[in-house]
Amino acid sequence: MNITSETRIGELVAQDYRTALVFKKHKIDFCCQGGRTIKEACEKKDLLESEVLQELENIYTAVAPINNFQDFKLDDLVDYIEENHHLYVAQALPVIQQYLDKVCKVHGAHRPELFQINELFSESAEELSHHMMKEELVLFPFVKRMAQAQRDNEKLELPGYGSVENPIAMMKHEHNTEGERFRKIAELSNDYQPPVEACNTYRVVFALLKEFEEDLHKHIHLENNILFPKAIELEKAF
């Protein structure tokens, strides 16, 4: 693939998710801020552009990706997101919340940042639950109807909210909010590095928070950079 300084980060990751490893290494947001070019991102992070481009090129000497999400049918991609990322979030939220409450109770007196992390995560848990419900009840069913209507060559009736771009704009705004919230959690947790005196629960909850953020990045990437643009494009075809 021809990668240049003007290549947009989100589009590149959409083509091959392995490139996300390079962006994560340099703490470059490829999901919420995927519209930036490589040049813009490098300038923002004060990185040597040529080195980042070389790291990205090196990706293509590795093994081919397991899933090429660009080739997924839209309804299949919706199912994948629900069955993998939405289910993961629903299962992980109460576990992480329980552990955070415990470490706050035991270590909070000496580690006040734990209370801030707990508050941010609690906000995220509530907002993500509502967010996923809106997707599953409003946006995703319409995307699947569009995909089916295209296959059946049928006329599409627009929903009450008008264009699919309306709920998508709201979902992307909420994605930005969650991305920013987890940037704060990462900063407060020293990039999920527990202190040397941390107990096992402390270490486990930081590892779970890191895993949660990584899954959230993949989740948002699939929607912002692949599902949403394809849904908007498909709607315009009717």
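Visitor: What does Asp79 count as, at 23% relative accessibility?

Guide: Asp79 counts as partly exposed, because its relative accessibility is 23%. (Buried means under 20% relative accessible area, exposed over 50%, and partly exposed in between, with a 1.4 Å probe and protein chains only.) The model is predicted, so local features need pLDDT of at least 70 and side-chain atom pairs pLDDT 80 or more, while totals for chains, interfaces and linings use all residues. Residues are numbered from 1 along each chain as its sequence is written, and side-chain values use heavy atoms, without hydrogens or water.

Start with the partner. The side chain of Asp79 meets that of Lys144 in a salt bridge, 2.7 Å from N to O. (A salt bridge is a side-chain nitrogen of Lys or Arg within 4 Å of a carboxyl oxygen of Asp or Glu.) This pair links distant parts of the chain: Asp79 sits in helix α5, residues 74-107, and Lys144 sits in helix α6, 65 residues apart. (Helices, H or I with at least four residues, and strands, E with at least two, are DSSP runs numbered from the N terminus.) Lys144 is partly exposed, because its relative accessible area is 31%.

Now follow helix α6, which covers residues 113-152. Glu123 forms another salt bridge, with Arg181, and the closest N and O atoms are 3.1 Å apart. That pair also links distant parts of the chain: Glu123 is in α6 and Arg181 is in α7, 58 residues apart. Compare the two ends. Glu123 counts as partly exposed, because its relative accessibility is 31%. Arg181 is buried, because its relative accessible area is 11%. Glu135 counts as buried, because its relative accessibility is 0%. Between Glu135 and Leu188 there are 30 Å in space, C-alpha to C-alpha, and 53 residues in sequence.

How does α5 lie against α8? Two packed helices are described by the angle between their axes and the distance between the axes. The axes of α5 and α8 come within 9 Å and cross at roughly 155°. (Axes are lines fitted to C-alpha atoms, for helices over the stretch in contact, and angles run from 0 to 180 degrees between N-to-C directions.) So α5 and α8 are roughly antiparallel to each other. (Under 35 degrees is roughly parallel, over 145 roughly antiparallel, 65 to 115 roughly perpendicular, and the rest oblique.) The crossing of these helices, α5 and α8, is left-handed. (Left-handed means that the near helix is turned anticlockwise from the far one by less than a right angle; clockwise is right-handed.)

Helix α8, residues 200-236, has another neighbour to look at: α7, residues 165-188, whose axis comes within 11 Å of the α8 axis and crosses it at roughly 160°. So α7 and α8 are roughly antiparallel to each other. Here α7 passes α8 in a left-handed crossing.

Last, the loop between α7 and α8. Asp191 lies there, and the side chains of Lys27 and Asp191 meet in a salt bridge, 2.7 Å from N to O. Lys27 is in the loop between α2 (20-25) and α3 (38-45), 164 residues from Asp191. Asp191 counts as partly exposed, because its relative accessibility is 35%. Asp29, Glu180 and Arg183 are joined in a network of salt bridges. A search of the whole structure finds 12 salt bridges.
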